[in-house]
Amino acid sequence: MTLTAPARPQERPRRRPRVSTALTYLSLVVASLVVLLPLVVVFLTSLKSYGEISEGQGALALPDDWLNFSNYATAFNDGHLLRAFGNTAFILLFSITGTVIIGSMTAYAIDRFDFRFKKLVMALFLVATLVPAVTTQVATFQVVNSFGLFNTRWAPILLYMGTDIVAIYIFLQFIRGIPRSLDEAARLDGANSFTIYRRIIFPLLKPAIATVVIIKGITTYNDFYIPFLYMPQEDLGTMSTALFRFKGPFGAHWEHISAGAVLVIVPTLVVFLFLQRYIYNGFAQGATK
């Protein structure tokens, strides 16, 4: 007679604690509300009339007419948003192009060349990212004014190109992942350093370039401080400073400001939705280099 051991009960897969799951979803809901609630308020306000605003209705009160697009027409025409968009596009074109070229060249020189005080240069780059920009604005303004660039579109272009240390670090992470054997093979074929950068390094930096272009473009597009300080002339207004024109001595027309804010948000929102995968992929690849 043989004895058989009793069958063990089948182990059930461990379930994730319900409390942690609930807290995870709760944090996501709260974060979504924090981001979306101001946008909803701005959109609802843009559809309201001046009478509805003056009555002191709640921020989340629904407009009487959902097809009231007169505020958008007023914001577009009186705010000169078309001219502001042209100024913004001009600044974006030169700022992003200069940032990509200067940042990639600087990262290439730091990674591929050995020179004296190399560690000091890297330390200074790190210090530059830690120093608040506001503390150096007086000296920066004097330098820009001495060059005769005040009240011109070249002032913000120069500042945007020369203060983006983050772009250098992004390019540096990608260049460190490019094998040096490619450089050595090109040198055996008679290529100099600039040819290696132009024909080998730069084409392989497409993910980093896409990341820098998107981040730099959105940051420059939404910046208010530098255009407002260095381009006070009304004809040189950008998309961000054009909204400030609606604030008069007797108060602010919030329905017009909200409509203008929606018009300013739409381009960046569309660009981000179409190019968000490049942002995520760029950061993921840069983190694994």
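Colleague: In which helix do F90 and F94 both lie?
Modeller: The two are four residues apart, about one turn of the helix. An α-helix has 3.6 residues a turn, so residues three or four places apart point the same way. With helices taken as DSSP runs of H or I of at least four residues, strands as runs of E of at least two, and both numbered from the N terminus, F90 and F94 lie in helix α4.

Colleague: What kind of model is this, and which residues do the totals use?
Modeller: Residues are numbered from 1 along each chain as its sequence is written, and side-chain values use heavy atoms, leaving out hydrogens and water. It is a predicted model, where local features need pLDDT of at least 70 and side-chain atom pairs count only at pLDDT 80 or more, while totals for chains, interfaces and linings use all residues.

Colleague: How are F90 and F94 classed by accessibility?
Modeller: Buried means under 20% relative accessible area and exposed over 50%, with partly exposed in between (1.4 Å probe, protein chains only). F90 comes out at 22% and F94 at 33%. So F90 is partly exposed, and F94 is likewise partly exposed.

Colleague: What kind of aromatic pair do F141 and Y230 form?
Modeller: Rings of Phe, Tyr and Trp (its six-membered ring) pair if their centres lie within 6.5 Å; planes under 30 degrees apart are stacked, over 60 edge-to-face, and the rest tilted. For F141 and Y230, the centres are 5.6 Å apart and the planes make 35°, so the pair is tilted.

Colleague: How many residues apart are F141 and Y230, and is Y230 buried or exposed?
Modeller: F141 sits in helix α6 and Y230 in helix α12 (residues 225-230), so that this pair links distant parts of the chain, 89 residues apart. F141 is partly exposed at 26% relative accessible area. Y230, at 0%, is buried.

Colleague: How many aromatic pairs does the rule give, and what is the angle between the planes of F90 and F94?
Modeller: The count comes to eleven aromatic pairs. F90 and F94 form a tilted one, with 4.8 Å centre to centre and planes at 50°.

Colleague: Which residues do ring pairs link into a cluster?
Modeller: Here the ring pairs join several aromatic residues together. The cluster is Y108, F113, F194, Y197 and F202.

Colleague: At which residue does α1 bend?
Modeller: The bend is the angle between axes fitted to the seven residues ending at a residue and the seven starting there. In α1 it is about 30°, and P38, a proline, follows within four residues of the bend, which is at L36.

Colleague: Which backbone oxygen does the side chain of S46 reach?
Modeller: S46 is in helix α1 and counts as buried because its relative accessibility is 0%. At 2.6 Å, its side chain reaches the backbone oxygen of F43.

Colleague: What is the phi of F117?
Modeller: F117 lies in the loop between α4 (81-112) and α5 (118-130), and at 55% relative accessibility it counts as exposed. Although F117 is not a glycine, its phi is positive, about 60°.

Conventions: A polar contact is a pair of N or O atoms within 3.5 Å; within protein, one must be able to donate a hydrogen and the other to accept it, and residues adjacent in sequence count only if both atoms are side-chain atoms.
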